[in-house]
Number of protein chains: 2
Amino acid sequence: MDLTRRELARLAVTGTMLGLARAAEEERRIGYCIVGLGRISLDHFMKAVKMSRHARITGIVSGHREKAERTAAEYGVPARSIYNYENCDRMAGNEDIDAVYIALPNNMHAEYTIRSAKAGKHVLCEKPMATSVEDCQRMIDACRRAGRKLMIAYRCHLEPTNLHAIQIIREGKLGKIQAIESAFGFDCAPGEWRLSKKMAGGGPLMDVGIYSLNACRYLTGEEPVSVEGYASVVNQDGRFAEVEENLSWTMKFPSGVTASCSTTYGGTMAGYFRVHGSQAEMVALPVFNYDGLHLEVSNYGPPSITESNPAQDPYQFVAEADHFAQCILDNKEPVATGEEGLRDMKLIAEIYRSSGAGLHPARGL
Amino acid sequence: MDLTRRELARLAVTGTMLGLARAAEEERRIGYCIVGLGRISLDHFMKAVKMSRHARITGIVSGHREKAERTAAEYGVPARSIYNYENCDRMAGNEDIDAVYIALPNNMHAEYTIRSAKAGKHVLCEKPMATSVEDCQRMIDACRRAGRKLMIAYRCHLEPTNLHAIQIIREGKLGKIQAIESAFGFDCAPGEWRLSKKMAGGGPLMDVGIYSLNACRYLTGEEPVSVEGYASVVNQDGRFAEVEENLSWTMKFPSGVTASCSTTYGGTMAGYFRVHGSQAEMVALPVFNYDGLHLEVSNYGPPSITESNPAQDPYQFVAEADHFAQCILDNKEPVATGEEGLRDMKLIAEIYRSSGAGLHPARGL
């Protein structure tokens, strides 16, 4: 193909313009308003935003004015963009704020997602999505009505070791998947809001067991057709008057894959999954942590796969902050939508129902 | 205390006699009659008896005369001590045979245990004890009526790594136990009797899942108060027309400990257990194999425990052959009685009942 000089000149101009547009887009950072100044906001998400390419902190919602001002100063957030839980609807008029990051006790997720959507903001909401199936649906509806995006902060959907595990399975390297075991738990300190049924909606299943539940779904790419759980309290030390201490559950998937999972607030339980295929076995441990992730595939014969990911603390939160920002910039669906959070919540409700925990204090047998 | 020369002389004589008696006892070896010349007899138990202190092979029951004669020659068993499945009751009159080792397809365990007891022999029966709760009870009754000992060949009850795991728990090194995960399975070759519902009584749960079930019981020292299972078939390749391919189940123990287990005949599934305590976590993997066992206790802080047991193949079978022989010699109860086998069988029946597998072919959903 021969091009005239005029045509070449036109292409050069177009190319330059495209380049400039791309540069401008990279300059355009999504402004996050942080709702709740707890550990995960201060120590993880906000630090990650500093390292991100597409995001910046442009607002704060907190009940602690002094803490909010101190944090605002650190992140260059102007005083007019600091809100409390009463007046935060005013962020509707704040053009610096594109999206909110909601990191509140679980029972406040629905209210602040809905209020943020009504204020015209996109919502990145921490997991678990809410404390009931109904609230999850209301959150989805509110964001849809407002034409705003909703993402649930499932870190693992963007985390390389977890993504590699999914890829290994999809490529058939394990053969046909037969069974999965997974667990995640920790020894919860007394006095935490996590131990309040009202604020948390449940015990370790809501908080960390949800990682195992979600992992079994993304590893298989299937939705469980039935679940059964057992909840209990071993340590009768006053912590577990409202929520379960331990919960083990079993799931069955349409292809026949069965899964066995455990979670606890009363013990040491490194987050892991073990996937048994017809040809090989994969274990990832730890795999739900912020760093130091490790994955191994052992076959009866070679080749085996061993992969360590020593990625440091804020890494996953950078990916999260940038991914949602890009979804907003490019008008794309995030990897973990409200519907994804709703699916887990429906399963959590069913596990609690079958285990007899959740609605009533779990006091063992 | 002053002793006269006469007293000293008497003590010397008594001492010599005691020593002679002990030597005689060590010389007295229990004669095992091997019932069934499959892999576990030929490659494991019989080789182990050669290495044992208290046992010897004194009889063989087999349907293959030539194989029986060849094996008898190797072990110095006289032709008159070779039986087939029709005439084996004649071993009643054979004083060289003290006990039988039953290593037949599961559905033959009850018949040959009962016939052996009636012939006046002690019975060491391979796991699973039988294919039904009723058969287990009949085996216990028959041995009791005959005044003969019955042991189920649960290797792990005598295996050092498993015993150390129990000791670590009992000493409180993990704190209060919260949850256990365990699995054991393998890819079963087509055509094996294990795939016949009639001969095996069930699928991988009967064969290898029973290790996880039994381990959860000896690790906690408790009996489950409820169990729930899911069975399925993933590989519709003709192997699983009668028994399940996969089974995952959950158990709850009186103290509140919950357990999640998996077993398979369609995948790679190294036998392991993971025990989560309030203070530390213990993983033993592999732990149900014949050798190469490995155990680790990881605390949030030190001290940790790492222990490898490279014991070779027949080791566990030597312990088994000698333990039962000593129980007979000393008139003591074996570590794994018929009642122990019966307890597992009752739980297996309940897992099958809840999972919908067992009585009917498991064909997934």
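Guide: Let's start at Ile60(B), whose bridge partner in S3(B) is Ile82(B). Please keep in mind that you are looking at a predicted model. Two bridges join strand S2, residues 55-61 of chain B, to S3(B), and these strands run parallel. In general, strands of a sheet pair through backbone hydrogen bonds, either parallel or antiparallel.

Now step back to see the sheet itself. This open sheet of chain B has six strands with parallel pairing, in the order S3-S2-S1-S4-S5-S6. At its edges stand strand S3 (82-83) and strand S6 (150-152) of chain B; each has a single partner strand, so one side of each is left without a neighbour in the sheet.

From here, follow chain B to where it meets chain A. The contact takes 46 residues from chain B and 46 residues from chain A. On the side of chain B that touches chain A, the elements giving two or more residues include strand S7 (177-187), strand S8 (226-232) and strand S11 (266-277) of chain B. S11(B) gives the most to that side, with seven residues. Sorted by class, the side of chain B that touches chain A has 17 nonpolar, 22 polar and seven charged residues.

Setting aside neighbours within four places in sequence, Tyr32(A) is in contact with residues including Val49(A), Ile57(A), Tyr101(A) and Ala321(A). As background, nonpolar side chains in soluble globular proteins tend to be buried together.

Let's finish on chain A. Its secondary structure comes to ten helices and 14 strands, and buried residues make up 54% of its 365 residues. H8(A) is mostly covered, with 15 of its 17 residues buried. Just after H8(A), you will find Gly221(A), which takes a positive phi of about 70 degrees.

Key: Residues numbered from 1 in each chain as written. Chains lettered and ligands numbered in written order. Predicted model: local features only at pLDDT ≥ 70, side-chain atom pairs only at ≥ 80, totals over all residues. Contact = placed C-beta atoms within 7 Å. Helix = DSSP H or I, 4+ residues; strand = E, 2+ residues; numbered from the N terminus. Nonpolar A, V, L, I, M, F, W, Y, C, P; charged D, E, K, R; others polar. Buried ≥ 20, exposed ≤ 12 C-beta atoms within 10 Å, placed from the backbone. Pairing = 2+ DSSP bridges.
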